[in-house]
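I opened a structure that was new to me and kept short notes. Here is what I looked up, entry by entry.

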Amino acid sequence: MSIEEISPQEARDRQQRGAVLIDVRETDEHALGTPADALLRPRLQLENDPDATIAGKNVDVLLICGSGKRSLRAAQALAAQGYTRLASVAGGFHAWQAAGLPISSAHDGDFLERYSRHLRLPQVGVDGQKKLERARVLLVGAGGLGSPAAFYLAAAGVGFLRLVDDDVVDRSNLQRQILHTDAGIGTAKVASATQRLTALNPRVRIDAVQARVTANNVETLIGDVDVVIDGADNFPTRYLLSDACVQMAKPLVYGAVHRFEGQVSVFDAGRRRGTAPCYRCLFPEPPRAEDAPNCAEAGVLGVLPGIIGLLQATEALKLLLGVGRSLSGRLLQFDALQMRFHEIRLSPDPDCAVCAPGAVFPGYQELQAICAGH
Ligand SMILES: [Zn+2]
């Protein structure tokens, strides 16, 4: 028997005139929603016991699946069992959605629409997106690295972002710090950033902290977050964050830029003592002030922090979702002039003063500011 194939709109009209619409997809396919008022019966369950769902062989039955193929087969199986009024929705739920027809869902429309490209990724899906909504990230620095990282983490739906920066927006920042606008010159960077990020995604909660990271506040700032991103790009903050992340067992996503070059890594020694390195395993001591690169003097190509900051955001999302392989134990270096990435293996230092197993923590050191965070 050939089965009638109808458009989603036709199905909706007939459903409202009393036809029974049955969604024959599997339960795990319901993440993006189901057609409004449809009965949910996975195909095999329906074919094995149609009487449990359909009250009589002459009921007007409309079947829908993901793309229209399974519903057609299910209709043929029901026809073979004596059901007489059967139709299959051409194009399935995708076409139903595309036609703008009503959908039932456990999630609100904003969630489904905003994150639809994540929800379609098996590695993210509804569970991963909810994980991101529950996630808490500390982003130190609302400057060159922090700008792309914060924008994309907010867009991706990370539920809570704590931004820490004590600086105000300066005209010379605007060449690369895209969180800020000309109109924001002179205002606090965290205030300017909050405004832009909330405009992008009002679902994200921003905790704006206008302060420097110090030995006194570092543990409070880090204590209740899942991932820390170092977007400060200055040595005092970098050592403080690294030491505190080891103490408090938090992964630290590190990034740094200089002229046309940048580097990025993940330091996860706090959670993986003795197997993953910390920042001090790489650089046990800060450079002397006269040797430290100074952004204001050395300069930086405007797009460079954009690239490195986005690599940091990518690593943060992977850590939050628990997918892929992180940069822990690897230092990724980028050279914009040659357009080359280069990777160096990093091993934990068995004599590291901070992260070696059994090392007694020497306490936080306040280092003299060497480069005012850019
Ligand atoms: Zn170490």
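My notes follow, starting with how to read the model.

**Ground rules.** I am reading a predicted model, where local features need pLDDT of at least 70, side-chain atom pairs count only at pLDDT 80 or more, and totals for chains, interfaces and linings use all residues. Residues are numbered from 1 along each chain as its sequence is written, and side-chain values use heavy atoms, with hydrogens and water left out.

**Zinc site.** I looked up which protein donors hold the zinc ion. They are Cys278 (SG), Cys281 (SG), Cys352 (SG) and Cys355 (SG), lying 2.3 Å from the zinc ion. Donors here are N, O and S atoms within 2.8 Å of the metal (3.2 Å for Na, K and Ca); water is not among the atoms, so sites may look incomplete. The donor atoms subtend angles of 94 to 121 degrees, so the arrangement is tetrahedral. For four donors, that label asks for all angles between 85 and 135 degrees. The ideal tetrahedral angle is 109.5 degrees.

I then noted the donor spacing in sequence, C-x2-C-x70-C-x2-C. Cysteine 281 in helix 12 (residues 279–282) and cysteine 352 in the segment after strand 15 (340–345) are 71 residues apart, and this pair links distant parts of the chain. Helices (H or I, at least four residues) and strands (E, at least two) are DSSP runs, numbered from the N terminus. Are cysteine 281 and cysteine 352 buried or exposed? Both are buried. Buried means under 20% relative accessible area, exposed over 50%, and partly exposed in between (1.4 Å probe, protein chains only).

**Cores.** I checked the largest nonpolar core, which has 40 residues. A nonpolar core is a set of buried Ala, Val, Leu, Ile, Met, Phe, Trp, Tyr and Cys residues joined through side-chain atoms within 4.5 Å. Val137, Leu153, Val158, Leu161, Leu197 and Ile229 touch the most other members. Helix 14 (residues 304–321) gives the largest share of this core, seven residues. A second, separate core has 24 residues, including Val213 and Phe267.

I picked out valine 158. Not counting residues up to four places away in sequence, the residues that valine 158 touches include Leu132, Leu153 and Leu317. Contact means heavy atoms within 4.5 Å.

**Helix pair.** How do helix 8 (residues 146–156) and helix 14 cross? Their axes come within 7 Å and cross at roughly 40 degrees. Axes are lines fitted to C-alpha atoms, for helices over the stretch in contact, and angles run from 0 to 180 degrees between N-to-C directions. Among the residues in contact are Tyr152 and Leu153 of helix 8, and Gly309 and Leu317 of helix 14.

**Single residues.** Serine 328 sits in the loop between helix 14 and strand 14 (330–335). I found serine 328 buried, with a relative accessible area of 14%. Arginine 12 lies in helix 1 (residues 8–16). Arginine 12 is buried too, at 11% relative accessible area. Aspartate 182 is in the loop between strand 9 (160–164) and helix 9 (189–200). Aspartate 182 counts as partly exposed, at 48% relative accessibility.

**Positive phi.** Most residues other than glycine have a negative phi. Arginine 259 has a positive phi of about 55 degrees. Arginine 259 is in the loop between strand 12 (252–258) and strand 13 (261–267). Methionine 339 has a positive phi of about 50 degrees. I noted methionine 339 as exposed, at 58% relative accessibility.

Technical notes: Four donors count as tetrahedral if all angles lie between 85 and 135 degrees; four count as square planar and six as octahedral if opposite donors are over 155 degrees apart and all others between 65 and 115; anything else is irregular.
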